[in-house]
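Me: Hi! I'd like to talk through a model with you. Can you take a look?

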Amino acid sequence: MIHSQASLHSLYAEAALPVGRPVNTGYQRYASADDALAAGLKRAGLCYRYALPEQLTPERLRGVSLIVLPCCVALSDEAVAALRQFVAGGGRLLAEVFAGPRAVCLGGAATATQAEAIDTALAKLGVKAGLSWW
């Protein structure tokens, strides 16, 4: 799961601009997406770890089958290029804004109310847990 500090700051600023003062809405959107996607991974029996966008290198991605992007609205060109290379090499993405044969777009912010959509997206991507918890 990618933690994008730039995305967190962008969402925070986006929420604050219309009202002219800092508000927690942007942070809450990011945190809700992170929590909802983490819960979906757990329901699917998938373990995960956090990484920063700048850690998306071929060496670090070796053996990784899925990258989850919770509310990642601001990524560097290098991170986007690494994600494209990852998908071209057979990797899969779960995100709010990407779509394609190996990427599922949730069509909006991931929240706890979208648990079914998250579960369906993970099933569509065909990512399986190495161990079954049941």
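Me: How many disulfides does a search of the whole structure find?
Reply: The search finds 0 disulfides, a disulfide being a pair of cysteine sulfur atoms within 2.5 Å. Bear in mind that this is a predicted model, where local features need pLDDT of at least 70, side-chain atom pairs count only at pLDDT 80 or more, and totals for chains, interfaces and linings use all residues. Residues are numbered from 1 along each chain as its sequence is written, and side-chain values use heavy atoms, with hydrogens and water left out.

Me: Is cysteine 71 buried or exposed? And cysteine 47?
Reply: Cysteine 71 is buried, at 1% relative accessibility. Cysteine 47 is exposed, with a relative accessible area of 74%. The cut-offs are under 20% relative accessible area for buried and over 50% for exposed, with partly exposed in between (1.4 Å probe, protein chains only).

Me: New topic: what are the elements of the protein, in order?
Reply: From the N terminus they run α-α-α-β-α-β-β-α, which comes to 5 helices and 3 strands. Helices (H or I, at least four residues) and strands (E, at least two) are DSSP runs, numbered from the N terminus.

Me: Which residues of helix 2 are buried?
Reply: Among them are Gly26, Tyr30, Ala33, Leu37 and Leu41. An α-helix has 3.6 residues a turn, so residues three or four places apart point the same way.

Me: What covers those buried residues?
Reply: The cover includes helix 1 (5–16), strand 1 (66–69), strand 2 (92–95) and helix 5 (115–125); contact here means heavy atoms within 4.5 Å.

Me: And what comes just after helix 2?
Reply: Glycine 45, which takes a positive phi of about 75°.

Me: What lines the second largest pocket?
Reply: Its lining includes Leu56, Pro58, Arg62, Phe86 and Gly91. Helix 3 (58–61) and helix 4 (77–88) are the elements that give two or more residues to this lining, and helix 4 gives the largest share, 3 residues.

Me: What is the volume of the second largest pocket?
Reply: The volume is about 170 Å³. A pocket is an open set of points on a 1 Å grid over the protein atoms alone where a 1.4 Å probe fits, with protein on both sides within 12 Å along at least five of seven lines; lining residues have an atom within 4 Å of a point.

Terms used:
Points joined across faces, edges and corners; volume = space filled by probe spheres on them.
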